[in-house]
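Please open the model in your viewer and keep the selection panel at hand.

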Amino acid sequence: MANQEKIKKISVAKGIWWVEIADADLRVLCGCPMDSVKHLTKRGLIFQTEKAGVPCEGGPNAVLLADTMLQNGDFANLSEFPVLQMLYKQGLILPKHPNNTGQKPLLIGSSEQVKAQLQYIYRGNYGLISEEEIIEAGIAPKQARQMMRLKLRFAFGSIRQSGDFLESCVVAEQAVEIRNGVMIRRLARNCFEFSYAGESLNVDLNLAEGEHYESAYPLGFQCLSREYFSIIHAGEGDGWDVNRPSMSSILMFQGKIYLIDAGPNLFYNLSALGIDVNEIEGVFQTHAHDDHFAGITTLMRAGQKIKFYAAPLVRATVSKKMAALLAVEEEWFEEFFEVHDLREGEWSDLDGLEVMPLFSPHPVESTVFLFRTLWDDGYRSYAHFADLVSLDVLQGMIEEDESKPGISKEEFARIKENYLTPVNLKKLDIGGGMIHGMAKDFREDRSDRILLSHLSRPLTPAEKEIGSSAPHGMVDNLIIGQSDFARRSAFSFLQSALPSIPLHTIRTLLNNPVVDFNPGIILLKEGETPQSIYLVLTGAVEKIRTSDNIFSRLTIGTLVGELPALHNVAARFTYSTACFVRALRIPVALYRELVRRHGLGDVVQHTREERDYLESTYLFNEGLTPHLLVQIVMAMRSRHFNAGETITYEDHTYLNLIRSGRVIRMTGGREFEKLEAGSYFGEEWSIFNTPPMFRLIAKEAVECSQIPARLVMNIPIVRWKLRDMYTRRILQALHPTAGIGSYCWQEKYEVGLLQMDLQHRKMLEIVSSIIELFHCQLVEGIIERAFETLFEVTGRHFQAEERLMERYGYAGLAEHRRHHQLLLLQLDEYRFSLHQTELRAEEPFKAFIDTWLIQHIEEDDSRYSAFLNERGAY
């Protein structure tokens, strides 16, 4: 705690601080990653109290947001639960509550982050906000009306903007007043200064490189076997439970691993259970509240797209909430997941595992899941019911007048029948209140075994008569496996690692013991000669060499000690188990002899050395399987650039990884960024199909490895890192204070519709890139390709804009569509006139853009935006 008289500062957890100015009645949660409320509770900064005899909680009344949406791959700003705690548990929004004084919770941060949080909270409160959005997700109009009736009942009759119950304070480099004389200003990215009554202190929300946000609770390590059909209980708490993860399960089927929901601290939870993210086949998503959704970025750190299973309504809600949270287009979600829509009320067969989502009443779109698979006596089945609503609450919502919010008797009866579907194992949300279930509703349930979950308290005796709880990592085996799934995985991994050797040789290698290792065991120490090679089958291994600042996480399929074993030399790295690890132990002499017999020594050495290099870089130091890394190594080619050479864009289908030398990124004649060994360039066109805004100049002789973009563009962890850095760079370049891009984003361009604003911003980014390209030494056809990209992006934007106007019945649609057609014709004419030298220059192009795009945004688009805002679209 800082030694201050007026301002108190407390370190809460990594990336989280508490700043309190008692005289100004200001208590600021600084940084709000996942489970920040749980961290505050554990530190006693959220506490039970009472006001005027009314029980309630104390806690923050303001949240300071990080400047960046992500830090090291994790969400940096998740204010949903802190805001809920202020509004409901402190009582700031409750009628007649003594804390409801009219003062609203306060969001503090950059303009971009405040707007993103307001949109994200809006989606977190309501999900899809209109019949039109529900219909667009594939629901029939009559059913959409019934769903909207129920949604309005949960929403007390109306869908309200986040600004109706939240205040905001935008922070910049100049000091601004937060409240009651307390001032704040930004010192640097994620660094802020608070001042009050002559005193000041600084808060730094940055995480160190490779550092992640902490879990609020400890979890013991578990060693789990891969079973035929089993349920691992990975969370029984709720969003407020400081001792347990939020309600979730892991389903194993025929050795494959599926998640049910992706709650907070997912990476930590999986590590405790000895599961690497690359082992996950898919995730079944029930709904998009943060306690079931906040860990979804962990699944983007995989080496392949994980399957995302959800009902279309839930998938639409998740993509819209993610888009709001990260200020990205909704289609962005499918860059990272293999999306599979499941039809509500129907069984879908996923290679023998059958699943059926059922509608569950909730403020946001939600389903419960039934799973089953055929077995000797019919089916074995599991039901995962999160989140529910109690039957008493639901019955109180019955309203036969269809013009009023509520639910029909028939729908109530159908939901009750679904809830009581008998299964072998059923896990229930019994959190109570208005939006969670009650155990008593299942007293007559005929299921074989019932687990009670989604609580932050122990079960009562009455609840124990109905069901039981499950400690973290407990397993319910519904069908015990008779197959050796570990050896099946080993066979696949060895085929991938040694593709040219015959099957009988692979079987020789397989005829070795599979061994289990506890967390933290050193498999091979730097400087030692390996006695065995370990093929990692489950879990993850850390690769460490602190002298060169190398720390990477190796996934399943890795052969630990392969290269030093082949040459009988000392290991260059230390390898340590990150969790419980199962591995195939291969004798060094046997492996060395088999590789020699098949003439693979040189190939193995080359690929292993190149893999070691890739694993030492930021882009490739985690999440990629050995199979993917070998594919990249075999396709890489070398490229040399001389000192002073301008790097043109003829290699626009390659991502360039700098092995030695330095490259300068420039724009507008100014140096923007230095790229050193281990950095990369060329992702704009090769990965994101966008013309680059920067010129690249080799500051000294540069050696690069060029990687075909087709190999890495669909690897989630690589694309995630590329997208994160690319977005930061563009936002910095186009920020009005940067003075770099020709068309910086300005508030006057905003139309108040997130997706349209993002698309307009993208168009201006491409326009700025084209202007920069006019000043570059280019190979033939580059300018033309940039214009083709602008034409394609503009066309998609116009279509999206027209669909939005059509969805809400905008009367000016026909006129707006005609104007779009004219604008596309004008752009087409300009790009086909580029052979005229005078048009391939900055000034005539800017004159064209001012009338062609800027005027359209400021005048035409502003007309429809007000109409849509009135109907809840933002």
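Begin with the cysteines: counting a disulfide as a pair of cysteine sulfur atoms within 2.5 Å, the total comes to zero. Select Cys30, whose sulfur lies 10.0 Å from the closest cysteine sulfur, that of Cys32, and is therefore too far away for a bond. Cys30 is buried at 0% relative accessibility, where buried means under 20% relative accessible area with a 1.4 Å probe and protein chains only; Cys56, at 5%, is buried too. This is a predicted model, in which local features need pLDDT of at least 70 and side-chain atom pairs pLDDT 80 or more, while totals for chains, interfaces and linings use all residues. Residues are numbered from 1 along each chain as its sequence is written, and side-chain values use heavy atoms, without hydrogens and water.

Next, select Ile296 and Leu299, which touch the most other members of the largest nonpolar core, a set of 70 residues (buried Ala, Val, Leu, Ile, Met, Phe, Trp, Tyr and Cys joined through side-chain atoms within 4.5 Å). Helix H8, residues 312-326, gives this core its largest share, seven residues (helices are DSSP runs of H or I, at least four residues, and strands runs of E, at least two, numbered from the N terminus). Apart from this core lies another, of 58 residues, including Val702 and Tyr749.

Finally, show strands E11 to E14, which form an open antiparallel sheet in the order E11-E12-E13-E14, two strands being paired if DSSP finds at least two bridges between them. E11 (176-179) and E14 (199-204) are the edges, each with a single partner strand, so one side of each has no neighbour in the sheet. Between E13 (residues 191-196) and E14 there are six bridges, and Glu193 stands opposite Asn202 in E14.

Terms used
Buried < 20%, exposed > 50% of the residue type's maximum accessible area, 1.4 Å probe, protein only.
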